[in-house]
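Welcome! Here are a few exercises to work through with the structure at your side, each followed by a solution in steps.

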Amino acid sequence: MAQQSSSSTVPNLIVQVKITIAPSDVAEFSKQVAILYPQLEAEPEFNFIEMLQKADEPGVFCFIESWSGTLEWFHEVCVPCLFFTISP
C-alpha cells in the first residue's frame, strides 16, 4: 500500500456540539442559525455542518461540523468566536 505524504494531507477536524434551549425558543433559534450559516460557508476551512433536532426533545440540537483545519487552528481561530459556554 502506498503511503501518503503528510505534507499533502489536508487535515479534517470534526466538531460535535450539543445545545439545549427552551422549546419555546426553537423558532427564534432556528432563525438565528439560518442567519449565521452564510457566514460559516464563507470561511475557507469550512466543509459542512449538519444540524439535527431530537424529535422527542424539541429543545435539543446537535451540530456536526467539518473543518479543514488542525486542532491548533480551531483553538486559535474558532474558540475565541464561540457564542456559547463549553461545559465538560
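**Exercise 1.** Find which residues ring pairs link into a cluster, then describe the pair of Phe29 and Phe63.

*Solution.* Start with the cluster: ring pairs join Phe29, Phe61 and Phe63. Rings of Phe, Tyr and Trp (its six-membered ring) pair if their centres lie within 6.5 Å; planes under 30 degrees apart count as stacked, over 60 as edge-to-face and the rest as tilted. By this rule the count comes to 4 aromatic pairs. Next, take Phe29 and Phe63: their ring centres are 6.2 Å apart and their planes stand at 75°, so this pair is edge-to-face. Phe29 sits in helix α1 and Phe63 in strand β3, 34 residues apart, so the pair links distant parts of the chain. (Helices are DSSP runs of H or I with at least four residues, strands are runs of E with at least two, and both are numbered from the N terminus.)

A word on the source: this is a predicted model, where local features need pLDDT of at least 70, side-chain atom pairs count only at pLDDT 80 or more, and totals for chains, interfaces and linings use all residues. Residues are numbered from 1 along each chain as its sequence is written, and side-chain values use heavy atoms, with hydrogens and water left out.

**Exercise 2.** Decide whether Phe29 and Phe63 are buried or exposed.

*Solution.* Recall the cut-offs: buried means under 20% relative accessible area, exposed over 50%, and partly exposed in between (1.4 Å probe, protein chains only). Phe29 has 15% relative accessibility, so Phe29 counts as buried. Phe63, with a relative accessible area of 7%, is buried too.

Now look at another pair: Phe46 and Trp67 are edge-to-face, with 5.5 Å from centre to centre and 70° between the planes. Phe46 belongs to strand β2 and Trp67 to strand β3, so this pair ties together parts that are 21 residues apart in sequence. Both Phe46 and Trp67 are buried.

**Exercise 3.** Work out the order of the strands in the sheet.

*Solution.* First, list the elements: from the N terminus on, they run β-α-β-β-α. In the open sheet, the 3 strands have the order β1-β3-β2, with antiparallel pairing. The edge strands, β1 (13–20) and β2 (46–53), each pair on one side only. (Two strands pair if DSSP finds at least two bridges between them.) Then count the bridges: 8 of them join β1 to β3 (residues 60–67). Within β3, Trp67 is the bridge partner of Leu13.
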